[in-house]
Amino acid sequence: MERVIAFFYCQNTPSSTETDRQMLEKKYGKNIRLFPIPCSGRLEPVHILRALESFTDAAYLITCPEGTCRYFEGNLRARKRVIRAQQFITAIGLEKERAGIYMRSAGNTKKLSEIVEELFEIASKLPPSPVFRYSEREV
Amino acid sequence: MITAEQKPIDEIRKMIAPYKRILVLGCASCVAECAAGGEKETAMLASTLRMAARMNQEDVVIQEKTLERQCVKDFVILLDDILDNYDAILSLGCGAGVQAVADMYEDIPVIPALNTEFIGETKDQGLWVENCLGCGDCMLYYFGGVCPLARCSKHLLNGPCGGSKDGRCEVNPDIPCAWQLIIDRLSRFNALDRLEEIYPPKDWSKKQGKGPRKIIREDQQK
Amino acid sequence: MNSSHSLKQILGQGHFAVTAECGPPKGADPEIILKKAEYLKDKVDAINVTDNQTAIVRMSSLAACALLKSAGLEPVLQMVVRDRNRIALQSDILGAAALGIQNVLCLSGDHQSFGNQPQAVGVFDLDSIQFIQTVKAMRDEGVILGGESLSKAPDIFIGAAANPFADPLSFRVTRLAKKVKAGADFIQTQCIYNLDRFRSWMKQVADRGLAEQTYILGGVTPLKSAGMAKYMKNRVAGMDVPDEIIKRMEGVPKDKQREEGIRICVETIEQLKEIPGVKGVHIMAIEWEEAVGEIAERAGLLPRPAVE
């Protein structure tokens, strides 16, 4: 079963340039979608929901470590927003794990590609999203 | 402003279950301020309901739109042109908005997505507190700008009661004792002697009215 | 027990008055309250009957007072403003007077969320001070709120509660002054364990001339256990239980704690008798009414004086 996993990531993530993104897209093809954002705090819960509604089995937000956000608290706000999105999806019977946050720990210098690989592995354990059981994903 | 919170999604889904073409209608005023029914929240709810429908193979069209205000006819009337496309409106307006829309379009069911709660202020980001009961007879002058009706659990006008403890209310330790606040505030203005007078019984008829209250201003009419 | 209005007369004649408290049953059986009253007969001048205390539904205070009255006892009708609007409150005053119940304690009442009917609306149409004022006008001017005349004015001895230990401390004496100004003839205080603080409150009260304008009865509650003492200290708002009291209670074995509680209570009463301006004691031994007689005896309060 084809999985599609969406990654919203702060542009501060190590090795997350345009080139890195293109390489990842080449590697995973249709199975991932990558969305760079200036700060994880810019992500709204509706972005996660729209992604889950339209095309993805799971959506992750990758943020900077606590205390290192260049906009001070963007990453902390991001965590709360992911929780909010989780409240909505669990209310309709979707697994909480379909919306996740990866807050890099202090000193974690993993590259975007490594994080994506780790999360993709985890997300693949989830069954395909029931949202697309009877209907098509939007491309 | 008027505050509200979204109803549980289960409850909303039960109410919209019979309908096939639903307009999820947001409001950019009070409910946007309290993050319950503004454009963002409307988009979130609509998306979630669509997902639920797809998961359950329900054949239903769910679209969203946000009005500036749902409680003012001039804004609501903008729906005239599109209402034929829907058989129900799920309104994220406050109770006033839901009813204004329902009164204007009586042939289409207007379903509330929110529980309207209180008149209050945005005390801090993500924190809204009640501070006005709409009593129709504002006494804030006498109480230094702290309303004992809205902010004292027993709405005493000659408080405090014996349950004030460390400036908190014994009924709800989450809230400050309004009378402590009143005393502190009046002390700042050296107006504490105002409280030596016995404040007479409240005229509640200004709040209750004879049924729903009304304001008419002829100078404002067309 | 004397005929009606002995509380007023006893205080008027300068005797140290004794009142106690009694809670109606959570049911319709009149015997329960009459049985409690038996313990108190001739030990006290009047008996307070609580009004749905803690917002828990009990037999109405007015009915229970009528039962006490029919058994030859003098009741003090406690009335809270939580459950009734001004129409009902004024109506109940007339009813009480008609039944010969002439002592009324005007209270706010515990918030409805504390009891077993948390979904009820809390009325609070009047507050306790406005209620005192209303009763006074009914009695002295024969009018209800709004000025309409009564066919017969009720003769009521008006009481109010006072809490010397509640916050905000700076305002407590002013609040008492308001109650007196509104028409409180007598005051029963929250139960006292900290006599020093009570003394300093009484001094402020007396300095304002309030002790002359109203009869102040100090409240006491015998402790049943060290656990009860700690509970009251930590979990009940507006209560001051000094550490020495806790230590005393903890210092005796469990089966002796009730006795120690009574001893502390008796000592407190003896000290209250010596404080200028204190005109009586209000013994609140809820669900332990049997102890009242012993306390009154040992505190030298018996026999109760007879009045005409």
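Q: Where in chain C is C:Pro303 found?
A: C:Pro303 is found in the segment that comes after helix H12 (290–298) of chain C, where helices are DSSP runs of H or I with at least four residues and strands are runs of E with at least two, both numbered from the N terminus. The peptide bond that joins C:Leu302 and C:Pro303 is cis, with omega about 0°. The model is a predicted one, in which local features need pLDDT of at least 70 and side-chain atom pairs count only at pLDDT 80 or more, whereas totals for chains, interfaces and linings use all residues. Residues are numbered from 1 along each chain as its sequence is written, while chains are lettered from A and ligands numbered from 1 in the order in which they are written.

Q: Which residues does the cis peptide bond with omega near -15° link?
A: That cis bond runs from C:Asp167 to C:Pro168, and C:Pro168 has its place in the loop between strand E5 (157–162) and helix H6 (172–182) of chain C.

Q: Is C:Phe124, a residue with a positive phi, buried or exposed?
A: A residue is buried if 20 or more other C-beta atoms, placed from the backbone, lie within 10 Å of its own, exposed if 12 or fewer do, and partly exposed in between. C:Phe124 is buried because 25 other C-beta atoms lie within 10 Å; its phi is about 45° although it is not a glycine, and its place is in the loop between strand E4 (103–107) and helix H5 (128–140) of chain C. C:Asn52, another residue other than glycine, has a positive phi near 45° and lies in the loop between strand E2 (46–49) and helix H3 (61–70) of chain C; with 23 C-beta neighbours inside 10 Å, C:Asn52 counts as buried.

Q: Why does the radius of gyration of chain C agree with a compact globule?
A: The radius is taken over C-alpha atoms, and the globule rule is 2.2 Å times the number of residues to the power 0.38. For 308 residues the rule gives a value near 19 Å, and chain C has 19 Å, so the two agree. The C-alpha trace of chain C spans about 60 × 50 × 45 Å along its principal axes, and 52% of its 308 residues are buried.

Q: How many residues of chain B are in contact with chain A?
A: Two residues are in contact if their C-beta atoms, placed from the backbone, lie within 7 Å. By that rule, 14 residues of chain B are in contact with 16 residues of chain A. On the chain B side, the elements that give two or more residues are helix H1 (9–16) and H3 of chain B, and H3(B) gives the most, with ten. H3(B) covers residues 39–55 and reaches 24 Å from its first C-alpha to its last, close to the 24 Å expected, the expected span being 1.5 Å times one less than the number of residues. Of the 17 residues of H3(B), 14 are buried.

Q: Which pair of chains has the most contacts?
A: Among the two pairs that touch, chains B and C have the most contacts, with 24 residues of chain B in contact with 26 residues of chain C. Strand E8 (164–165) and helix H7 (178–188) of chain B are the elements that give two or more residues to that side of chain B. Chain A and chain C, by contrast, do not touch, and their nearest C-alpha atoms are 27 Å apart.
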